[in-house]
Amino acid sequence: MKRRTFRAEGARAVVEAVAAELGLPVEQARGLVEVGAVYVAGRRCRDSKARLTPGQVVAVVLEEGGHSPLEEAPAAPMFRVLHEDEDVLAVDKPAGLNAQPTEARVGASLVDQVSGYLGREAGLVHRLDRETSGVTVFGKTPQATSALAAEFREGRARKRYVAATAPGLPESGTVDLPLSKDPSRPGRWRATRAANGVPALTHFRTLYAGPEFCLVELLPQTGRTHQLRAHLTALGAPILGDSRYGGAARAGGVEAARCLLHAQALELAHPATGAPLRVEALVPEDLRRFFTLAGVLVPQGAVPEK
């Protein structure tokens, strides 16, 4: 990522300060502000007329992922509604869609899409990685958002994922390995007791163990960043298509064009009634092809305790 950071030299509009600092036409500077690439005092600023005070720190994202924020973003895949009532909206997040706006752009994330659907800011309470598909829950009121967030924070939300991995997984087991950032590989986490990591616990059951790939049901008991990806890598069976963790791009003659991890089912207490709320998302076609190839069924029904 490339960015420029500077301090405002006077009380003027943010668009004028950005244009002057970067040597850009005002219209181009306004475009950077409006797409969400400008931050004032650490907060995103999308109001080109906002007034700066002398000395305020302004940061401008000039490039993210090799692309300018002013480039027109490709159309983002749309979510599918799985459940909706007065308090809760549960959707099926498609693979390839960021859960939240990136530093350089707003308008093309799941939060942006759901907020547009609701006509107000959506209360996101948990996140899936960009390439992970499946159940994502939002609160429709501040009270519901807070209650749903507590379900995840306090470990009461029960989650089931399914994935296609490299071969070699045992029939079942538990991975109890702390996670820490890998200093040698930026953006990647490692599962090891050799570092001072955060606790992470995953139960798993292998649904199919073949010579070229495995299919596995994953029941995370904690919700750490990249937990399932790192834990499966520690078992020697990275998720197919997960290039960051060494996952193969093809197995059994079938392509794995993305990290084949899917958040299939979620169970938690409804924020208004306390009654169990269960939501399930169909396994997408790219992962389902591996289930078909293996001749096994996708697990259905209530999420088991382990």
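**Salt bridges and a buried histidine**

At 39% relative accessibility, Arg205 is partly exposed (buried means under 20% relative accessible area, exposed over 50%, partly exposed in between; 1.4 Å probe, protein chains only). The model is predicted: local features need pLDDT of at least 70, side-chain atom pairs count only at pLDDT 80 or more, and totals for chains, interfaces and linings use all residues. Residues are numbered from 1 along each chain as its sequence is written, and side-chain values use heavy atoms, without hydrogens and water.

Arg205 pairs with Glu217 in a salt bridge, with the closest N and O atoms 3.1 Å apart (a side-chain nitrogen of Lys or Arg within 4 Å of a carboxyl oxygen of Asp or Glu). Arg205 lies in strand E13 (residues 201-209) and Glu217 in strand E14 (residues 214-220), so the bridge ties together parts twelve residues apart in sequence. Strands are DSSP runs of E, at least two residues, and helices are runs of H or I, at least four, numbered from the N terminus. Glu217 is buried, at 3%.

The count comes to 17 salt bridges. Among them, Lys140 joins Glu84 at 2.9 Å between the closest N and O atoms. This pair links distant parts of the chain, 56 residues apart. Lys140 is buried at 15%, whereas Glu84 is partly exposed at 34%.

His231 sits in helix H5 (residues 227-234). Its relative accessible area is 1%, so His231 is buried. Beyond its neighbours within four places in sequence, His231 is in contact (heavy atoms within 4.5 Å) with residues including Val175, Leu177 and Thr202. The His231 side chain reaches the backbone oxygen of Leu177 at 2.9 Å.

Conventions
Polar contact = N/O pair within 3.5 Å; in protein donor to acceptor, adjacent residues only side chain to side chain.
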